Amino acid sequence: MHRLSEPYKEVFSLRVFGELSFGTISSLFGKSESWARVTYHRACKKIREELDHEDQL
């Protein structure tokens, strides 16, 4: 997670650790709820890819 760039890191943290809704996250960034959802899912994908890469080492 620490290797994620912004805004992926912040959106992921707010959703997982802050337990905020996508609506709340979108308001914080001044973006749409769809943007928050897509950003979160892209962050999850990047984390999964990084974990898969580490497993291959």
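Which residues form the largest nonpolar core? Please describe that part and its surroundings in one connected account.

Modeller: The model is a predicted one, and its setting may be described first. The secondary structure of the protein chain consists of three helices and zero strands, and the pattern read along the sequence is α-α-α. Taken along the principal axes, the C-alpha atoms fill a box of roughly 40 × 20 × 15 Å. Of the 57 residues in the protein chain, 26% are buried.

The largest nonpolar core has twelve residues: Leu4, Tyr8, Val11, Phe12, Leu14, Phe22, Ile25, Ala36, Tyr40, Ala43, Cys44 and Ile47. Two or more of these residues come from each of helix 1 (8–16), helix 2 (22–29) and helix 3 (33–56). Helix 3 gives the largest share of the core, five residues. As a general background, nonpolar side chains tend to be buried together in soluble globular proteins.

Phe12, which lies in helix 1, counts as buried at 13% relative accessibility. When residues up to four places away in sequence are not counted, Phe12 touches Met1, Phe17, Tyr40, Ala43, Cys44 and Ile47. Phe12 and Arg37 are 25 residues apart in sequence, with 9.9 Å between their C-alpha atoms.

The side chain of Ser13 reaches the backbone oxygen of Lys9 at 2.9 Å. Leaving out residues up to four places away in sequence, Ser13 touches Met1 and Gly18.

Arg15 is placed in helix 1 as well, but with a relative accessible area of 30% this residue is partly exposed. Beyond residues up to four places away in sequence, Arg15 touches Leu20, Ser21, Phe22, Ile25 and Tyr40; Phe22, Ile25 and Tyr40 are among the core residues. Arg15 and Tyr40 are 25 residues apart along the chain, and their C-alpha atoms are separated by 7.8 Å. In the protein chain as a whole, 45% of the contacts between residues at least 6 apart in sequence join residues at least 24 apart.

On the side of helix 3, Thr39 deserves attention. Thr39 is found in helix 3 and counts as buried at 5% relative accessibility. A polar atom of the Thr39 side chain lies 2.7 Å from the backbone oxygen of Trp35. Not counting residues up to four places away in sequence, Thr39 touches Pro7, Tyr8 and Val11, and Tyr8 and Val11 are members of the core.

Pro7 leads to the segment before helix 1, where this residue lies. The peptide bond from Glu6 to Pro7 is cis, with omega near 5°. Another backbone feature is found at Glu19, which has a positive phi near 55° although the residue is not glycine. Glu19 is placed in the loop between helix 1 and helix 2, and with a relative accessible area of 70% this residue is exposed. For comparison, most residues other than glycine have a negative phi, and most peptide bonds are trans.

Finally, the core may be followed to Leu4, one of its members. Leaving aside neighbours within four places in sequence, Leu4 is in contact with Lys9, Ala43, Lys46 and Ile47. Leu4 also belongs to the lining of the largest pocket, together with Met1, His2, Arg3, Lys46, Ile47, Glu50, Leu51 and Glu54. About 160 Å³ of space lies in this pocket. By class, the lining has four nonpolar, one polar and four charged residues.

Technical notes. Residues numbered from 1 in each chain as written. Predicted model: local features only at pLDDT ≥ 70, side-chain atom pairs only at ≥ 80, totals over all residues. Heavy atoms only, no water. Core = buried A, V, L, I, M, F, W, Y, C linked by side-chain atoms within 4.5 Å. Buried < 20%, exposed > 50% of the residue type's maximum accessible area, 1.4 Å probe, protein only. Helix = DSSP H or I, 4+ residues; strand = E, 2+ residues; numbered from the N terminus. Contact = heavy atoms within 4.5 Å. 1 Å grid on protein atoms, 1.4 Å probe; cavity = no way out; pocket = protein on both sides within 12 Å on 5 of 7 lines; lining within 4 Å. Points joined across faces, edges and corners; volume = space filled by probe spheres on them. Nonpolar A, V, L, I, M, F, W, Y, C, P; charged D, E, K, R; others polar. Polar contact = N/O pair within 3.5 Å; in protein donor to acceptor, adjacent residues only side chain to side chain.
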